[in-house]
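Take a look at the protein below. This report goes from the whole chain down to single residues.

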Amino acid sequence: MAARSAYKRLLYWTLLFVVIASGFSHVNAHIRYSVPEEMKKGSVIGNIAHDLGLDVRRMRAGRARIVSGENGEYTELNPDKGTLVVKERIDREQLCAETTPCSFTFEIILDNPVELHHITVEILDVNDHSPVFPKDEIKLEISESATPGARFLLGSADDPDVGVNALQNYVLSTNDFFVITQQARPGGLKYAEIALQKPLDREQHPRLALTLTAVDGGTPQRSGNMKIDITVLDANDNAPIFNQTVYKVIIAENSPKGTYITTVNASDADSETYGLVSYSLANVKSDIGGIFRLDEKTGVVTLNSLIDYEKTKKIEFDIEAKDQGGLGDSAKIIVDITDVNDNEPTISVMSFSSTVNEDAPLDTTIAIFSVKDIDAGDNGLVTCKINPYTTFKLQSSLRNYYTLVTNAVLDRERVAEYNITITATDSGSPALSSKTTLNLKISDVNDNPPSFLKPVYTTNVIENNYPGLSIFTLCAHDADSNQNARVSYFLEDTAVAGSPVASYISVNADSGVVHAVRSFDYEQMKNVRISVRAQDGGSPPLSSNVTLDIIIQDQNDNAPQVLYPVQTGGSLVAEIVPRSADVGYLVTKVVAVDVDSGQNAWLSYKLQKATDRALFEVGPQNGEIRTVRQVTDKDAVKQKLTVVVEDNGQPSRSAVVNINVAVADSFPEVLSEFTDFTHGKTYNDDLTFYLVLALATVSFLFITCLVVIISVKIYRWRQSRIFYQSNLPVIPYYPPGYTDTGVTGTLPHMYNYDVCMTTDSRKSDCKYSTLGGHKVLVMDQSFTETLQRTLEENEFLDDPEFPNARQKPPNNDWRLPANQRPGPSGAAARPEEGPAGAVVGTGPWPNPPTEAEQLQALMAAANEVSEATATLGPRYNAQYVPDYRQNVYIPGSTATLTANPQQQVPQQALPPPQALPPAEAPKAAPTPASKKKVTKKDKK
């Protein structure tokens, strides 16, 4: 029987797998695992990835998960390792009771693409339960008249384990009267009976104590004991007998408590006390004992608790009848339970995308779910529908499995999210249904450009605004969301009055605030038209343009300008009025204009001051100056009028014009009167400020220069001290602009000229050092000689064996007076031979000098002459001192260097030489400057 049941179950699973594989192309495999019960949490059941031929990365990418399992709480999937592990402790007895084999099935689903795999886990029994008797002790009353071979029912032990781990046999403790016999009912239940082996003798053994042991076949073996207390009674030779051995009852599930089941009846042929029969439940498991209630006297069986068809479809239990003598009989009650539609369908969502792009195409998969109703027959037949049905639809390629797809174009701006209600209804009567709601959010796609309320905006701004003024705020609305709705504003590249618009206007890219970059002038520009582009942050971005017309409003920022009479600075202009002029004589007309517009340009005239106010008046509107009365001889010839021209702005601006009027009949009279006419000078209050500012600036620059000069002098003095006291070799350094003339010119490079300038009293000393000076560092053209090598060369030059080694000094033409020197400018005596304070000039060189050397020497001599002239004062005669500051003549060249910036005409050639009158340079007395120079040389 069990083999036949297992064969049917295997055939059912095989057919189901074939149907699933043919109807659902993504079902790859059906795997079956066998694991023992009571495994620890986290124990590995099997390697799903290996058994399904999947890669672990595929399981992670496909979000592999367990769905649609009734007992899914016992297992879990580890997608990182691809293994199936124990989630909770599995108790086979709790899960399947006596059903064998014990297994549960679930599905594993993967996304992208969708794959569905069926997994069956069989739970193997472990001998974790010992046989247990319903009672720890039973009492038997046996008549002493019982004949050998009489049997007495002891009942059965309950062992939840199955197979070899279930109850195997019973063992009775050693005694002389009874032997144990083991019986089996049609359902396979084993129970024990004792048979009397020899007659009892109440007088010798009124009570017997035995022990019944139930043993299973597990390893290790488990057992349970029950004590048997036997009381020997007087003779009772008839046992109760049931009127039928099996009672069958049909009852609907969920029947209320107290529902009548059946009535059992047993009769005893004995009389009196031995004929009284009592009923009791026998061979009842602990979970069934509480379901039914048996009346011990009447044998009525009633329902004591609710029955669930989905848990138990049939219940079998035994009833025992005993008389007062201990004899008894047993019968079986079989209760068949019918199904009632008491379970709602369940909806299991296996895959759900909570967000979908609004541009998703039709038939885009939103969710995959399954429905199940554990009721039987039509009560478990389920149909599904969704709401809203117009936007979405259901597709089903496998029984009880559905795919939710889109059925219309989505628009996030119209509907941002959907609450999709799935309703599953069974076919029972009355029908039961369940609902689940999926919240689907529509992801935004950048399909809407920013939009303005109007294509053109107009705003006003008053001229003379400060730069950075906020003029207008543009606001564009984008129906998209998040980054796609983030609007940025950009100023289009256009030209305003020939200049880029960015030089006038700027737009804040984030807020859309339009700012003025510069101050506007109404007189130059009446309006500015710009184009602004609003662009969202989508990819690709969308944009739209808007035009902003900025109208510049006039401000009274210009004073009236007097066109006539013309105001001149130095000349004197007067209007002549003859003495015969009548009343209303037009003297002149003040003509003024205002570049402003509107009422800011309305001008009015009034007479502010006049020599004789009773003589003239000014027209307030036209500016005409007319006589008020007849001119008389007593009126002064010189009349001065001050007319104020004022505009109508707020605040008003004005201009003042002074008009000189001469009351005379002839021009000579006017000329004689106006010869000593003095003009009042307007004192400018700003002049004092500018003078003080200039004085402060000059003082600051003077002090700064003085501090810098002193600092440089101190620094050079310290450097010279360090140079003379150091014994380190000197590495020569030439400035980048230095060029060595070599020996190609008339001035050999062996001559070095050290010009020492002082900072006091505008005096200078000039020292010429020859080759014999030990304080002169002579450097080679290769720039590699040191001080030590230089000293050695100097010793070589001083050696008398090499008289030609020393350079010869210049010739005696230096000592010629100025009128006897060759060349265009002559020369003076040498500084070493001439008297103190003599004028030092230039002279012919031993060899033709280069132009650079001649220019350097001439500038030094000119500076010497200038400083000596400033020091000595009037004792120098200008005719004996050539003004070297004006013209510098280069010997051997026709060019003239002009030092005076006012003399811009260059001299192309020198004039022919002219004979100069013989004159001798005056012998100047020793001056403090010359004495000071001698003193400095002595110190050195």
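## The whole protein

The protein has 940 residues, and 37% of them count as buried. Keep in mind that this is a predicted model. The protein contains 10 helices and 53 strands.

How much of the contact count comes from residues 24 or more positions apart? Take the contacts with a separation of 6 or more: such residues account for 66% of them. The accessible surface comes to about 54500 Å². Carbon and sulfur atoms own 54% of that surface.

## A residue in a loop

Find A497. This residue sits in the loop that links β35 (495-496) and β36 (499-500). Is A497 buried or exposed? Its relative accessibility is 67%. Exposed means over 50%, so A497 counts as exposed.

A497 also has contacts beyond its sequence neighbours. Set aside residues within four places in sequence, and A497 touches Y504 and M525. A497 and Q524 are 27 residues apart in sequence. In space, their C-alpha atoms are 9.3 Å apart.

## A four-stranded sheet

Next comes an open sheet of four strands. Their order is β42-β49-β48-β45, and the pairing is mixed. Strands of a sheet pair through backbone hydrogen bonds, and the pairing is either parallel or antiparallel.

Which strands stand at the edges of the sheet? They are β42 (574-577) and β45 (603-610). Each has a single partner strand, so one side of each is left without a neighbour in the sheet. Neighbouring strands here are turned by 35° against each other on average, with direction ignored.

Now zoom in on one pair. Strand β48 covers residues 638-647, and strand β49 covers residues 654-663. The two pair in the antiparallel sense, over nine bridges.

## A nonpolar patch and a helix

Which residues make the nonpolar surface patch? They are F702, I703, L706, V707, I710 and I714. The patch has an area of about 590 Å².

Look at I714, one of the patch residues. I714 belongs to helix α7, which runs over residues 685-725. Its relative accessible area is 48%. Buried means under 20% and exposed means over 50%. I714 falls in between, so this residue is partly exposed.

Technical notes
Residues are numbered from 1 along each chain as its sequence is written. This is a predicted model: local features need pLDDT of at least 70, side-chain atom pairs count only at pLDDT 80 or more; totals for chains, interfaces and linings use all residues. Side-chain values use heavy atoms; hydrogens and water are left out. Buried means under 20% relative accessible area, exposed over 50%, partly exposed in between (1.4 Å probe, protein chains only). Contact means heavy atoms within 4.5 Å. Accessible areas come from the Shrake-Rupley method with a 1.4 Å probe; for residues, only the protein chains shown count as cover. Two strands pair if DSSP finds at least two bridges between them. Axes are lines fitted to C-alpha atoms, for helices over the stretch in contact, and angles run from 0 to 180 degrees between N-to-C directions. Patches are made of residues with over 30% relative accessible area and no salt bridge: like charges are joined within 9 Å, nonpolar side chains (Val, Leu, Ile, Met, Phe, Trp, Tyr) within 5 Å. A salt bridge is a side-chain nitrogen of Lys or Arg within 4 Å of a carboxyl oxygen of Asp or Glu.
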